[in-house]
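This report describes one protein model for a reader who has not seen it before.

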Amino acid sequence: MQFVAEKQNGFRSLFKFLCDMCNCQLIVYSEEKVSPSCIPINEAIVSGRVAAGIGYTQLSELSASIDIPCMSNTTYSLVLSKMGDTIHNAALQEMKLAGEEERKYALETNCVDDDGGR
């Protein structure tokens, strides 16, 4: 097998190999598509960046210091935007559940006025 090409998508890469004997092509991913319970590498990196409180420039410098190509600013922005939507939707769902629980408790304790408030 001879290495032919690499295509990067952020921190995830696709490697192409070509067989010298039968000329068939093999594609290997640095990260296979995984179940929804696992976080893809690009989202994990951006999430870690948020948790560490650093920006894209610091992420790029960190990647360079460990000799790993960093994702482009465009890819970073797309992943961050997607994660923002996911976080927003999860927070909204949790707020709705908390509101329903509070309403249920208020009704159980008869802690409501004529308008349905306290």
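Asn9 has its bridge partner in β2, namely Arg12. The model is a predicted one. Strand β2 covers residues 12-18 and is joined to β1 by seven bridges, the two strands running antiparallel. The open sheet to which they belong has three strands in the order β1-β2-β3, with antiparallel pairing. β1 and β3 (25-29) each have a single partner strand and stand at the edges, so one side of each has no neighbour in the sheet. On average, and with direction ignored, neighbouring strands of this sheet are turned by 20 degrees against each other.

Three aromatic pairs are found in the structure. A pair of aromatic rings is described by the distance of the centres and the angle of the planes. Two of the pairs involve Phe3, as the table shows.

| Pair | Centre to centre | Angle between planes | Class |
|---|---|---|---|
| Phe3 and Phe15 | 6.4 Å | 50 degrees | tilted |
| Phe3 and Phe17 | 5.7 Å | 65 degrees | edge-to-face |

Phe3 lies in strand β1 and Phe15 in strand β2, 12 residues apart, so their pair links distant parts of the chain. Phe17 is also in strand β2, 14 residues from Phe3. Together, Phe3, Phe15 and Phe17 form one aromatic cluster. Phe15 counts as partly exposed at 24% relative accessibility, and Phe17 is partly exposed at 24%.

Which residues make up the largest nonpolar core? There are seven: Phe11, Val46, Leu59, Met71, Tyr76, Val79 and Met83. Helix α3 supplies the largest share of this core, with three residues. In soluble globular proteins, nonpolar side chains tend to be buried together. For Leu59, the contacts beyond its neighbours within four places in sequence are Ile45, Arg49, Ile54, Cys70 and Tyr76.

Helix α3 runs over residues 73-108. At 1.5 Å a residue, its 36 residues should span 52 Å, and its end C-alpha atoms are 52 Å apart, which agrees. Its buried residues are Thr75, Tyr76, Val79, Met83 and Ala106. These buried residues of α3 pack against β1 (2-9), α1 (41-52) and α2 (56-65). Asn110 follows α3 and has a positive phi, near 55 degrees.

Key: Residues are numbered from 1 along each chain as its sequence is written. This is a predicted model: local features need pLDDT of at least 70, side-chain atom pairs count only at pLDDT 80 or more; totals for chains, interfaces and linings use all residues. Side-chain values use heavy atoms; hydrogens and water are left out. Helices (H or I, at least four residues) and strands (E, at least two) are DSSP runs, numbered from the N terminus. The expected span of a helix is 1.5 Å times one less than its number of residues. Buried means under 20% relative accessible area, exposed over 50%, partly exposed in between (1.4 Å probe, protein chains only). Contact means heavy atoms within 4.5 Å. Two strands pair if DSSP finds at least two bridges between them. Axes are lines fitted to C-alpha atoms, for helices over the stretch in contact, and angles run from 0 to 180 degrees between N-to-C directions. A nonpolar core is a set of buried Ala, Val, Leu, Ile, Met, Phe, Trp, Tyr and Cys residues joined through side-chain atoms within 4.5 Å. Rings of Phe, Tyr and Trp (its six-membered ring) pair if their centres lie within 6.5 Å; planes under 30 degrees apart count as stacked, over 60 as edge-to-face and the rest as tilted.
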